[in-house]
Amino acid sequence: MSEKNRQIMLGNEAFARGAWEAGVTVVSSYPGTPSTEVTEAAAKYDEIHAEWAPNEKVGVETAMGASLGGARALSCMKHVGLNVAADPFYTAAYTGVNGGFVLLVADDNGCHSSQNEQDSRYHGRSAGVPILEPADAQECKDYIRLAYDISEKYDTVVLLRSNTRISHSRGIVELGERTEREIIPYEKNVNKYVAMPAMARKLHVAQEERLAQIAADSCEWDINDVQMGDESIGIITSGIAYQYAKDALPDVSFLKLGIVNPLPKALIRDFASNVGKLYVIEEGDPFIEEQIRSWGIPVTGGKDMFTIQGEYSANMIREAFGEDPAEHDVDVSDAPGRPPLLCAGCPHRGLFHVLSKKKTRVFGDIGCYTLSALPPTSSMDTTLCMGASIGMAHGFEWATGSKENTVAVLGDSTFLHSGITGLINMSYNGSKGTVIILDNRITGMTGHQQNPASGKNAKGEPAPAVDLKELCQACGVKHVVEVDPFELEEVERIVEEETSRDELSVIITKRPCAMIVKQPGIPMVVTDRCRNCRMCMKIGCPAIEIKDGRPIVVPERCVGCGLCARVCPFDAIESTGKEEK
Amino acid sequence: MKTNILIVGVGGQGTLLASVLLGNLALEDGYDVKLSEVHGMSQRGGSVVTHVKISDEKVGAPLIEEGEADIILAFEQLEAYRWLPWLKEGGSLYVNVQQILPMPVVLGDAPWPENLEEALKQRAGKVKAFNALEIAEECGSDKAVNVVLLGAAARDLPFSEEAWMRVISEKVKGNFVEMNKFAFQRGQQA
Ligand SMILES: Cc1ncc(C[n+]2csc(CCOP(=O)(O)OP(=O)(O)O)c2C)c(N)n1
């Protein structure tokens, strides 16, 4: 294959390319925006075994095993995924590695697709591993290669920290060759790999020593880039914040850090002593700033000037440095919002229509279905973290002594990620609640990745599919019912029956995601039997609009699933019978 | 030379191809370029935006700020309006006149902005509002809206006809190449 040696690449594709060039052979991850495309891109390289693990913890453990086996290994996740993987991560940070091991974590400053804005740098510091932070797509590729060298040289896991803007921006990337690597032979070493108390105490000492060594050595690394300009102002920054700061203040002096843990203390001291006023500009928490202040180095401006919230911009920084804000003569504040919606044809819509109608209390979870918390269905009471629906419904039942008209709802991927342990708990600890698993055969929200119930693996090859019904039964649930979520009357009857039953039950709604199976493609139409009752508006379908005071189906957007016809009390909606596309 | 292009629309409208074509044109002509796009939740029918920054100097931040866009390509009218503050004084706006009502409007919780079309005209130095969807459908697919809009905007961009045709051949899937080239040319005439 002839490829041009300079290409436009997504940050995440550049990470995958860099991993491939560095000779990585094993990638095990769980999807999560904005990290997902790294593993998807890695799966396209023949030399790499890339897989979707059921959750981040298993992904990190798999990568750790691959590292012990002597390969270079990678595990990717979003920021909240690192919470799930924290357990193996914190102790792998003690044991160190055999083949290089990089854990790539992508934060979501601005909460574009997440439930919080947590700053993963704290995890890296708390665990005691080096953290590298690239600032554009080229650096994504370069830094991951470097991360493997650091990992093997210093015998440590390396945390590579990205965020939405880095992962989802494209830039020009200079490609390199792949370096094939020999597998490093594994040698049994209980003092290193068995983290029992006596060993762990020693490993902790060794960890502290290597961090001190890296803090000293990294003062010489060129990823920590000193750019002297006007010396009256010095800015310490890293990652995407560097780009905004450099655009805003091109003439001042910069120390752009490529490694943010451990901090290259001597280099920072030196830079601070060569500039007048020192500022620290970092998106997220005052991670760098507080450490610098703790060394007694005066910082003129940090989080007292720049917010810990959301994403930065060059204008924001200019204004913080006293520039007048740009004038805005256009006022578009009356532009109505456009919240995301379940897709036309989405199987989840049927269930949530019923739950909304029955005013069921819904302990919700994370996935496409979280969108049903919004109008018009507004049928979700809670969303906390993946898998929490089940645990919370269980606790609520114990607090109130009632499970009446209450359900826990979660997707198939979420159930296999961390819902199943909650279900075992319900069964073990005497819950009489009802859990609904939305089995659409795919991990929808993050862009349709395969999962253990899909029947395919990350490379698209056939794989065994977990039987969710049998799995639930094996957890001790006696009543497990399957239903097509578009059979509305049946869904309603089953929800009624199971929520009033005095025993634990699981309902599995089975219908594949509308994006992965061909839809009829024959649009529906509202006929003149319509009495304008607007029942069809209650399902929140993007293909139904009001025109001249009446509901209409917009043919270009309708996939012909027919749910609107099923909810219409007057049989006024029917198929046009002709294929659109 | 510095050109900032904002591509705005509704998740699922296929705004990403337009930015990939622009990025590759810039690369081939020796410019630096950065694109920033939206993946994840907003792709489900939410408001989406792609920033394209092309320059003969190094591009730093990947985001275009308010008042900095030379060109806005809008796949939908309300999104054109929402992103209007990003347009430079006297910048060009190419808008597909399609309207996709957001759920708050459909449900009657929020009105459609009254002076929308007027505001678009007032702000932009040059507004080209036309039915790109219809043209795309005439060419063979509603998915070709992006190249129709690019065709219209090509007059403001520093790329040659041959370069456009080459990048379409390279980046569009095999059997759609001719259709997309045709849609691009129809956009140029629009
Ligand atoms: C710990 C953690 N990992 C990953 C994610 C990203 N994420 C959000 S929803 C989701 C899974 C959605 O799949 P599924 O439960 O099958 O529901 P669907 O979207 O298909 O309806 C993932 C992986 C997350 N929010 N938290």
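Reader: In which loop of chain A is P262(A) found?

Author: In this predicted model, the peptide bond from N261(A) to P262(A) is cis, with omega near -15°. As for its place in the chain, P262(A) sits in the loop between β12 (259-261) and α12 (265-274) of chain A.

Reader: Which residue does a cis peptide bond join to P34(A)?

Author: P34(A) belongs to the loop between β2 (26-29) and α2 (36-42) of chain A. The peptide bond in question has an omega of about 10°. The residue joined to P34(A) by this cis bond is T33(A).

Reader: Are helix α16 and helix α17 of chain A roughly parallel or roughly antiparallel?

Author: The axes of α16 (residues 388-400) and α17 (residues 412-428) of chain A come within 7 Å and cross at roughly 20°. Angles under 35 degrees count as roughly parallel. Therefore α16(A) and α17(A) are roughly parallel.

Reader: How many residues of the contact of α16(A) with α17(A) are charged?

Author: On the α16(A) side the contact is made by I390(A), A393(A) and H394(A), and the residues from α17(A) include F415(A), G419(A) and M426(A). The residues of this contact divide into 5 nonpolar and 4 polar. The number of charged residues is given as no charged.

Reader: What percentage of the ligand's accessible area does the protein cover?

Author: The ligand is surrounded by 26 residues, with T414(A) among the closest. An N or O atom in the side chain of T414(A) is 2.5 Å from an oxygen atom of the ligand, while a backbone N or O atom of C368(A) lies 2.8 Å from an oxygen atom of the ligand. On its own the ligand has 590 Å² of accessible area, and the protein's cover of that area is 98%.

Definitions and conventions: Residues are numbered from 1 along each chain as its sequence is written. Chains are lettered from A and ligands numbered from 1 in the order in which they are written. This is a predicted model: local features need pLDDT of at least 70, side-chain atom pairs count only at pLDDT 80 or more; totals for chains, interfaces and linings use all residues. Side-chain values use heavy atoms; hydrogens and water are left out. Axes are lines fitted to C-alpha atoms, for helices over the stretch in contact, and angles run from 0 to 180 degrees between N-to-C directions. Helices (H or I, at least four residues) and strands (E, at least two) are DSSP runs, numbered from the N terminus. Angles under 35 degrees count as roughly parallel, over 145 as roughly antiparallel, 65 to 115 as roughly perpendicular and the rest as oblique. Contact means heavy atoms within 4.5 Å. Ala, Val, Leu, Ile, Met, Phe, Trp, Tyr, Cys and Pro count as nonpolar, Asp, Glu, Lys and Arg as charged, and the others, Gly among them, as polar. A residue is near a molecule or strand if one of its heavy atoms lies within 4 Å of it. A polar contact is a pair of N or O atoms within 3.5 Å; within protein, one must be able to donate a hydrogen and the other to accept it, and residues adjacent in sequence count only if both atoms are side-chain atoms. Accessible areas come from the Shrake-Rupley method with a 1.4 Å probe; for residues, only the protein chains shown count as cover.
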